[in-house]
Amino acid sequence: MSTASSAPFPGVPLIPYGHGHVRGLDAAELGTHGMEMDSLVRLGLPTVPGLTIPASRAGDLTDTAVARGAVELLSALASRRVGQSERPMLIRLVASAPVPAAGLPPMVAGLGLCLDTAPALCAAIGRAEVLYETWSATVRSIAEGALGVPADDIDGVVLDNPDPAKRLHALLEMCERLGSRPYPDDPAEQVALAATAKLARWRSPRGRRARAAQSLPAGTPIALHLQALLIGPWARSGHGSATSRDPDSGAFAPSGVFHRGVRRNESPSGPGEPVTRLPGGADLLRAALATLEHHFNAVAYVGFELRDGELALLSAAPYDHPSPAAAVRLAVDLVAADTMDRATAVLSVAPQQVQALLHPQLRLRGGEPLLVRGLAASPGAASGRITLSSVDAVERAADGVPAILVMTETTPADVPGLLAADAVVTTGGGLASHAAVVARGAGRPAVCGASALRVDPVAGRVSADGRELREGDVISVDGRTGEVYAGAVQVRPAAPSAELDVLLGWADDHRRLGVRANADTAADAASAVRLGAEGIGLCRTEHQFLGARLPLVRRVIMAEDADDEREALVALADAQRADFRDLLRAVGDRPLTVRLLDAPMHEFLPHDGDGGDDDWQAARAAALREANPMLGVRGVRLAVVRPGLYPAQVGALFAAWIDVAAEGVRPALEVMIPLVSIPRELALAATDVAAVATDVARRTGVDIPYRIGTMVETPRAALLAGQLAAHAEFLSFGTNDLTQLTYGFSRDDVESRLLATYVERGLLPSSPFAELDGEGVGALLAIAIRRARAARPDITIGVCGEHGGDPASIALLEPLGLDYISCSPRRVPVARLAAAQARLNAAATQGEDAMASMIIPEGLS
Amino acid sequence: MTQPATGTDPHPLDDAARAALTDLVVRGMRRGPAPDLDRLVQAGLALAKGPVTMPTASARTLVGGWSRLPAGSPERERVTVLYHAFLPVNSRLRELCTAWQRRPDGAPNDHGDAVYDASVRDQFDDVHTAITQIIRRLADQVPALARYRGELGAALDAFDAGDTTALTAPLSDSYHTVWMRLHQELLLLLGVSRAEDEALENLLVSRAGG
């Protein structure tokens, strides 16, 4: 760095990069760019030579004398001069605001160019057209913004002159003819005009709209920066940007693209080349990103320039939106490096990001034949039949047959097929192809640019790598890896990565709420346990009565006398026992909450025309039909009118428990009675369950360890929780029903017809079925928990509604003093993280003392 | 390349039907009831699949034939020059649509970053300035193309009025949807295939790059 840092003009500060700090200037004067360059210089990282004209004095740069001083200082900083014969310097003008902002005036890159200096620069770059592109862009921006040449005329000239050299001459000629003055040769005059153009642009309607879009004050100033643009040979020079993490794996690895040539605007066209292929190697970039990651405690993002293979940074900032994999792996890495503590790491990853990491993917077992690999254009995974035309895709979808649309090209005619298909594969086109844009817009998995795939729509064949498939054959697509496999592959949520497991382990150490899962089948339960569930908080038994068993349960419900009912129940018992056995094995020694039958009766009754040829059945069904089945004879109420039902279910459950206990598995059974609103209902059901247990003990000699409890789904049950606790060893809030009954909302009706309007008009902040209503439903929960604990201090209390998997709801539930939340298996990791964050955030607001006084229970159930 | 139109037209259609068929080929499909297209369906030029009506392959050939500007005509030469100017802008537009949908590292854009979204929106202005200039000149040769200026502008206006789907949503008249139609119409006018179009765009973009 040169020592030429004193301003040549008294009163007009020109601040070399790295000097802002010692002058006591902050972002308000230096702009975000000046601040970034300051910290890069202080970290000892290689930067582009440059200086800042502070925001409050930016207008001074429109004065040619001030601009001349700035150009002199820049020459001294860069040890190069504009117009020198060997490797001359060019100047770039950049603007930045005191806060990160979009819509800033675009940079002007080709200052210092004139007909005299051009030949030496062309020789240095080796590609004249690259220089002329930059040059004409510079003239265009100054002509429009500072010389008053009408934009329409300029656009016309640009359109008429695809050749950059001709375009430049036409623009220079136009400035002379239509401009307030000709385009100057003097670099200082060019800089002053460029500053005028940039400031005008920031004041223009377009600049105002951009500020409004980001809620920036209309009067937000900008700082101006001049950078020395050192020109080098095309093949060894370029510019690009990179983040410090691979977005897919999250591993530390410079990740981004660079473009050869001279940077002439913010958004280079074309796909560029990966930074791993940087001329001169990526080592310096890697080192800079490593330094910055530890400096920011975040994924780092840099803009850089290469000249003669030499790296110089143009910008550096924490990367605000790292991919979920990058966020998780960074947190784990920073903890390992002792730059972050575990609680901070747990708070640094959003629960939604964890959900994204458990995206659907192909369940590969190894050995699946890879058909082709393309670009991962739209995430998601699907298996389906090869479909070669849009029309066929629409047809297959209408028949309910999964279709994978395989195309060579995308036209508007393919859009319907693309929307109908389960996934899309294209042989041409990139990540920004029309097909990719449409697939992402429609949420379809897509693999694009699978160029090794040959498609012959006429013969109905596709082939790749010597493998040939026919239209209608099944293939499987993973839009996140870009892989296409021949044959069907099962799709399921991804398993947590090793890093995510570590992070979730830390979350488990910091959370107070237990996390269980709602699972009805052995497969769901196994998947929940795999994702870290501590037990099953809700097993709905309804599905055991549907499908092939429906006629049997129909007989129970429609039975006219006790014998008829008993006969039907016996027939059901064996099937249920087998179901429970599989489930209990999957649950292992963990708690399992089995909710006895809770289905509205109409789900079991024959519909019109279904078994309707039987007059007796039809008449009986008509007699049992309800006006409002959701509020009718369901849950414990059905058990009261069909007294054999619950004992039969419990008998099957207990028999299954004895079966698995013989195998050494001892699940902690919890029998849950649904839809109770009268404490006596619970007492009655509990007595029935106890009678079954006694009976089993008498017959088998086995005392089944079980606990009895109830769902709390009605406001009355919540208010009478103290009385319920007399009969219940646990309570579980069914927040879906409790929300319906607290508002008097019928969910099926209001969700489709009302809630969107209510949210739009501000009557509700969000759907209370998605995010718990803290004021109403939450208040009922608080009352119920207080009364239940007063009556029975060791009572276990949980939530098993969908809210149990929603991070915002979990934050509301955390302070209520629940023991656990139970959510769908795939939400378990989200709930684990959200519960830890809720606890940590609550502790932060309550202060250290409150945290210390809280008792964190050892186990949860 | 589509087949050149032959002298014996197997589908005698009146002007309204021709216009409807051209429109259907340019759009690729129509959703919802389309009684005006019944005749085309009966003529084997369109297929009705549930709520969607699509042109058949023979319809695309037919429209390709009658849309094509005559070889060697001055219109064709002028439109070709403008089409060459269109392709780099087309590439830019797709990049911007992609930027709206996913962040630079490939993660989906969750629209939680107002600065990022404002920056993408701001850059649409550059594309829009470039395309309106091109459309204005195209309309000197093919007046019907003038409507795309208004349609694209309407999509941006809708976006600025708060409709965040107006940039890239596939089923509405979003900027990207309208743009695809314009692109398709240019290809029909010049009888250029998608493969040729893609190759030429790559060439023009890489030439302009650096």
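Some conventions before I start. Residues are numbered from 1 along each chain as its sequence is written, and chains are lettered from A in the order in which they are written. Because the model is predicted, local features need pLDDT of at least 70 and side-chain atom pairs count only at pLDDT 80 or more, while totals for chains, interfaces and linings use all residues; side-chain values use heavy atoms, with hydrogens and water left out.

Chain A, then. Chain A has 32 helices and 31 strands; these are DSSP runs, H or I of at least four residues for helices and E of at least two for strands, numbered from the N terminus. Along the principal axes, the C-alpha atoms of chain A fill a box of roughly 110 × 75 × 50 Å. Of the 861 residues in chain A, 54% are buried. Buried here is under 20% relative accessible area, exposed is over 50%, and partly exposed is in between, with a 1.4 Å probe and protein chains only. Taking contacts (heavy atoms within 4.5 Å) in chain A between residues at least 6 apart in sequence, 67% join residues at least 24 apart.

Next, the cores. A nonpolar core is a set of buried Ala, Val, Leu, Ile, Met, Phe, Trp, Tyr and Cys residues joined through side-chain atoms within 4.5 Å. The largest has 89 residues, and Val671(A) and Phe654(A) are among those with the most contacts inside it. Helix H22 of chain A, residues 645–661, gives the most to this core, with ten residues. Val671(A) itself, leaving aside neighbours within four places in sequence, touches residues including Val650(A), Leu653(A), Phe654(A), Tyr706(A) and Phe730(A). A second, separate core has 67 residues, including Ala109(A), Leu111(A), Cys122(A) and Ile231(A).

Now the charged pairs. By the rule used, a salt bridge is a side-chain nitrogen of Lys or Arg within 4 Å of a carboxyl oxygen of Asp or Glu. The count over all chains is 59. Glu542(A) and Arg595(A) form a salt bridge with the closest N and O atoms 3.0 Å apart. This pair links distant parts of the chain, 53 residues apart: Glu542(A) is in the loop between strand S25 and helix H18, and Arg595(A) is in strand S26. Glu542(A) counts as buried, at 11% relative accessibility, and Arg595(A) is buried too, at 8%. In the other pair, Glu72(A) and Arg81(A) meet at 3.3 Å, N to O. Here Glu72(A) is partly exposed at 41%, and Arg81(A) is partly exposed at 42%.

That brings me to the interface. What does each chain put into the contact? Chain A contributes 58 residues and chain B 56 residues. Together the two chains bury about 4,600 Å², 59% of it on carbon and sulfur atoms; buried area is the accessible area, with a 1.4 Å probe, that two parts lose on being put together, summed over both. Eight salt bridges are found across this interface. One of them joins Arg206(A) and Asp125(B), at 3.5 Å, N to O. On the side of chain A that touches chain B, elements supplying at least two residues each include helices H4, H5, H8 and H15 of chain A. H15(A) gives the most, with seven residues.

Arg206(A) and Asp125(B) also belong to a network of salt bridges that includes Arg201(A), Arg209(A), Arg121(B) and Asp160(B).

Last, helix H5 of chain A. Which of its residues are buried? They are Ile154(A), Asp155(A), Gly156(A), Val157(A), Val158(A) and Leu159(A). These buried residues pack against H4 and H6 of chain A, together with helices H4 and H5 of chain B. A salt bridge joins Asp160(A) to Arg137(B), at 2.2 Å, N to O. The pair crosses between chains, from helix H5 of chain B to helix H5 of chain A. Arg137(B) is partly exposed, with a relative accessible area of 24%, and Asp160(A) is partly exposed at 45%.
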